[in-house]
Amino acid sequence: MGLTRAQLKQRAQQRLTEYLTTHGTKINESLIIWNKEPICVKDICVLSAVIENNVVVFCDYNLETRSYDKSFSRTFKDLDHHDINSIIDELVKYDTWQERKSKNQK
């Protein structure tokens, strides 16, 4: 018997949160941001994946004002496990490409 959709979504959420925590930039104890490349999230493309107060938000985050347009953002509530896994794949692909690029320049 396979996992339910809810379990698949929870697993994807945990993977993405761990990835952002590990590969994002820690601004302070309550804010981590990954903003290396635009991210396509379901029906929008945004500049950032943010963990703020343990909530993951995909948005165009303004670090100076510590804010974003809530009408142009997505959270896990808006996504299914396929969407979340697609985001993980995008982030990993970009970071892997950047690592290879920096190694080749040495």
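# Close-up views of the predicted model

**View 1. Arg74 is in contact with Val41, Asp43, Ile44, Val56, Val57 and Phe58, leaving aside its neighbours within four places in sequence.** Contact means heavy atoms within 4.5 Å. This is a predicted model, in which local features need pLDDT of at least 70, side-chain atom pairs count only at pLDDT 80 or more, and totals for chains, interfaces and linings use all residues. Residues are numbered from 1 along each chain as its sequence is written, and side-chain values use heavy atoms, with hydrogens and water left out. Arg74 sits in strand β7, residues 74–75. Helices (H or I, at least four residues) and strands (E, at least two) are DSSP runs, numbered from the N terminus. Arg74 counts as buried, at 16% relative accessibility. The classes are buried (under 20% relative accessible area), exposed (over 50%) and partly exposed (in between), with a 1.4 Å probe and protein chains only. The side chains of Arg74 and Asp43 are joined by a polar contact of 3.1 Å. A polar contact is a pair of N or O atoms within 3.5 Å; within protein, one must be able to donate a hydrogen and the other to accept it, and residues adjacent in sequence count only if both atoms are side-chain atoms.

**View 2. Leu16 and Phe58 touch the most other members of the largest nonpolar core, which has 21 residues.** A nonpolar core is a set of buried Ala, Val, Leu, Ile, Met, Phe, Trp, Tyr and Cys residues joined through side-chain atoms within 4.5 Å. At least two residues of this core come from each of α1 (5–23), β2 (31–34), β3 (39–41), β4 (44–46), β5 (48–52), β6 (55–59) and α2 (81–104). Helix α2 gives the largest share, five residues. Beyond its neighbours within four places in sequence, Leu16 contacts Phe58, Phe76, Ile84, Ile87, Ile88 and Leu91. A second, separate core has six residues, including Leu31, Val50, Val57 and Tyr61.

**View 3. Ile51 lies in strand β5.** Ile51 is buried, at 7% relative accessible area. Which residues does Ile51 contact, leaving aside its neighbours within four places in sequence? They are Thr17, Leu20, Thr21, Ser30, Leu31, Ile32 and Val56. Ile51 and Leu20 are 31 residues apart along the chain, and their C-alpha atoms are separated by 7.7 Å.

**View 4. Tyr61 and Tyr68 form a tilted aromatic pair, one of four aromatic pairs in the structure.** Rings of Phe, Tyr and Trp (its six-membered ring) pair if their centres lie within 6.5 Å; planes under 30 degrees apart count as stacked, over 60 as edge-to-face and the rest as tilted. For Tyr61 and Tyr68, the centre-to-centre distance is 6.1 Å and the angle between the planes is 35°. Tyr61 is buried, at 9% relative accessibility. Tyr68 is partly exposed, at 21%.

**View 5. Tyr94 and Trp97 also pair as tilted rings, with centres 5.9 Å apart and planes at 45°.** Both residues belong to helix α2, three residues apart, so about one helical turn separates them. Tyr94 counts as buried, at 14% relative accessibility. Trp97 is partly exposed, at 45%.

**View 6. Asn53 and Asn54 are placed in the loop between β5 and β6.** Each has a positive phi in a residue other than glycine. Phi is near 55° for Asn53. Phi is near 65° for Asn54. Asn53 is exposed, with a relative accessible area of 53%. Asn54 is exposed, at 75% relative accessibility.

**View 7. Cys40 and Cys45 are both partly exposed.** Relative accessibility is 40% for Cys40. For Cys45 the value is 42%. How many disulfides are there in the model? The count is zero, a disulfide being a pair of cysteine sulfur atoms within 2.5 Å.

**View 8. The whole protein has two helices and seven strands.** Along the sequence the pattern reads α-β-β-β-β-β-β-β-α. The C-alpha atoms fill a box of roughly 50 × 35 × 30 Å, taken along the principal axes. Of the 106 residues, 33% count as buried. Among contacts between residues at least 6 apart in sequence, 45% join residues at least 24 apart.
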